[in-house]
Amino acid sequence: MTEPTAAVPNAPEPDELAATAPTTADESAASVAPTAADGGEPADSGPTPAIIVLTEEALKPVDVDKIIALHEEESPTYRVLVPADTDRNLLSSFLNHLSLFEMREALESLRPVDRVEAHADADTALSRTLAEFESHSVVATGEITADDPMPTLVEEVARLGAQEVVVVTEPHAVEDTFHTDWASRAREALGVPVLHMYAGDWRLG
């Protein structure tokens, strides 16, 4: 007479093994990681590029159109610097106007500079320029600098990691000839491209 044997459980089918098998780390991560299609956060595209604009007067619509067109597809932010011209070189200003046959402006440039008026003019130029940028639906901020804008310009390029500087001035015969203008000085001091534009037209300095 044989002894009864214990009941042996049925072996699981292959499909059941596949359903209960542990997943790998990569498969687990894939099952829970959100994707852009599932509404997850898209990959970081990097910081927004910054352009610094140094101008001695309020920019006109043609000036702003020209500047924005340079990097329109990159949608950069703009930082506007306007120096308060409280310590103008009278002789240089006189010769600049004289070279352009601007006789009335040449004579007026020989008058002593009113510091309060110079600050007010810079503030007005900054406000109008920022308003012009804002009318193009771009982000723009700014500040008034000292008579020599170079120290502030160097600081702002480093602080913002600016990719380019745009200098907008009237033609200055003396400074442009001897390369003492803002754009020439900026090219020597900075490691970024510097574009010099003349206000109100399409010529480059």
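Residues are termed buried under 20% relative accessible area, exposed over 50%, and partly exposed in between (1.4 Å probe, protein chains only). Helices (H or I, at least four residues) and strands (E, at least two) are DSSP runs, numbered from the N terminus. The model is predicted: local features need pLDDT of at least 70, side-chain atom pairs count only at pLDDT 80 or more, and totals for chains, interfaces and linings use all residues. Residues are numbered from 1 along each chain as its sequence is written, and side-chain values use heavy atoms, with hydrogens and water left out.

Six of the seven residues of β2 are buried, so this strand is largely enclosed by the rest of the structure. Strand β2 belongs to an open sheet of five strands, ordered β3-β2-β1-β4-β5, with parallel pairing. Pairing requires that DSSP find at least two bridges between two strands. The edges are β3 (140-145) and β5 (194-198), each of which pairs on one side only. On average, neighbouring strands of the sheet are turned by 20° against each other, direction ignored. Axes here are lines fitted to C-alpha atoms, for helices over the stretch in contact, and angles run from 0 to 180 degrees between N-to-C directions.

Strand β1 (residues 50-55) runs parallel to β2 and is joined to it by five bridges. Isoleucine 51 has tyrosine 78 of β2 as its bridge partner. Leucine 54 is likewise partnered with leucine 81 in β2. Toward β3, β2 pairs in the parallel sense over six bridges. There, valine 82 is partnered with isoleucine 144 of β3.

Helix α3 lies across β1, β2, β4 (164-169) and β5, at about 155° to β5. Helix α7 (residues 150-160) also packs on the sheet. It touches β1, β2, β3 and β4, and its direction makes about 170° with that of β1. Contact means heavy atoms within 4.5 Å.

The buried residues of α7 are Met150, Thr152, Leu153, Glu156 and Val157. They lie on the same side of the helix, because they cover an arc of only 155° around the axis. The arc is that of the directions from the helix axis to the C-beta atoms. Their cover includes β1, β2, β3, β4 and α9 (182-189). Glu155, Ala158 and Arg159 are exposed on the face turned away from the buried side. Glycine 161 follows α7, with a positive phi near 60°.

Histidine 71 lies in the loop between α3 (61-70) and β2 (77-83). At 13% relative accessibility, histidine 71 counts as buried. Leaving aside neighbours within four places in sequence, histidine 71 contacts Ile51, Pro76, Gln163 and Glu164.
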